[in-house]
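Hi everyone, thanks for coming. Please take a look at the model on the screen, and then we'll talk about some charged pairs.

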Amino acid sequence: MRKPVIAGNWKMFKTIGESVNTAVSLKPLVSNANHCEVVIAPVFTSLKSVADRLEGSNVKVAAQDVSDQLKFGAHTGEISGDMLKDAGCSHAIIGHSERRAMYGDSDAFINRKLRAALHFGLTPILCCGETLDERDAGKAEQVVSDQLENDLTGLTADEVAKIIIAYEPVWAIGTGRTATPEQAQQMHAYIRSWLSGKFGAGLADGLRILYGGSVKPENIAELMNAPDIDGALVGGASLEAESFARIVHYNG
Ligand code: PEP
């Protein structure tokens, strides 16, 4: 059985104080959520303070990115996986569409970041997804499998087994336009069958594939009903503790 993951991406929102306040409010609201893993991803500057306040709780902390570098050194502006572990992170989001579109994160760069995260024992949450133009052109599956092929290049099956994949159609992120459960399920099933062909059915059956794109308390339950949707990566609706907690408790 795949344990669902509900992850919140706080993007470039919240000061340290605001992040700590939200995390502290969230903690008791989800303390009995044994049915899923709960992860939040504050900005880098808040990671340590948030992780300290969540120590011993069931809420894990993710970074929103990770350096591709394996050794400390002259890499201005970078933060290594080692440093993220030191700050209390267990997970790292890699290849979010905002980084791909706005900051030039190529598949080759994402591949190096994935390797670095795995090297330091962080669980990568690898994002993939097509734009609206690509979907309208009938290329959604091709785009997603190309991303995965390139992002996972050279990784062993054991390494891939440690990754969480997040399918996030770009047209659904921050737009209020959610993929229907049928559209999401279709892509998740495609991703799982692609993984199966590449790394074997055992690995594909065990890998968690999250859906992301305008997930809200109102639509999470029907998304989670789809057999290949193993959780959600949530942006906007994760910023308020109560709304995120309602998503975590999608099962009632
Ligand atoms: C995201 O940032 O990963 C995301 C899915 O955002 P939103 O939930 O706001 O669409």
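Let's start with a term: a salt bridge is a side-chain nitrogen of Lys or Arg within 4 Å of a carboxyl oxygen of Asp or Glu. This is a predicted model, where local features need pLDDT of at least 70 and side-chain atom pairs count only at pLDDT 80 or more, while totals for chains, interfaces and linings use all residues. Residues are numbered from 1 along each chain as its sequence is written, and side-chain values use heavy atoms, leaving out hydrogens and water.

How many salt bridges does a search of the whole structure find? There are 17.

One of them joins the side chains of Asp 228 and Arg 192, at 2.6 Å from N to O. Asp 228 sits in the loop between helix H11 (220-224) and strand S8 (231-234), and Arg 192 in helix H9, so the pair ties together parts 36 residues apart in sequence. Helices here are DSSP runs of H or I with at least four residues, and strands are E runs of at least two, numbered from the N terminus. Are Asp 228 and Arg 192 buried or exposed? Both are buried, meaning under 20% relative accessible area, where exposed is over 50% and partly exposed is in between (1.4 Å probe, protein chains only). Through shared partners, salt bridges join Arg 2, Arg 192, Asp 228 and Asp 230 into one network.

Next, Asp 151 meets Arg 100 in a salt bridge at 2.8 Å, N to O. Asp 151 is in helix H7 and Arg 100 in helix H4 (residues 97-102), 51 residues apart. Asp 151 is buried at 0% relative accessible area, and Arg 100 is buried at 16%.
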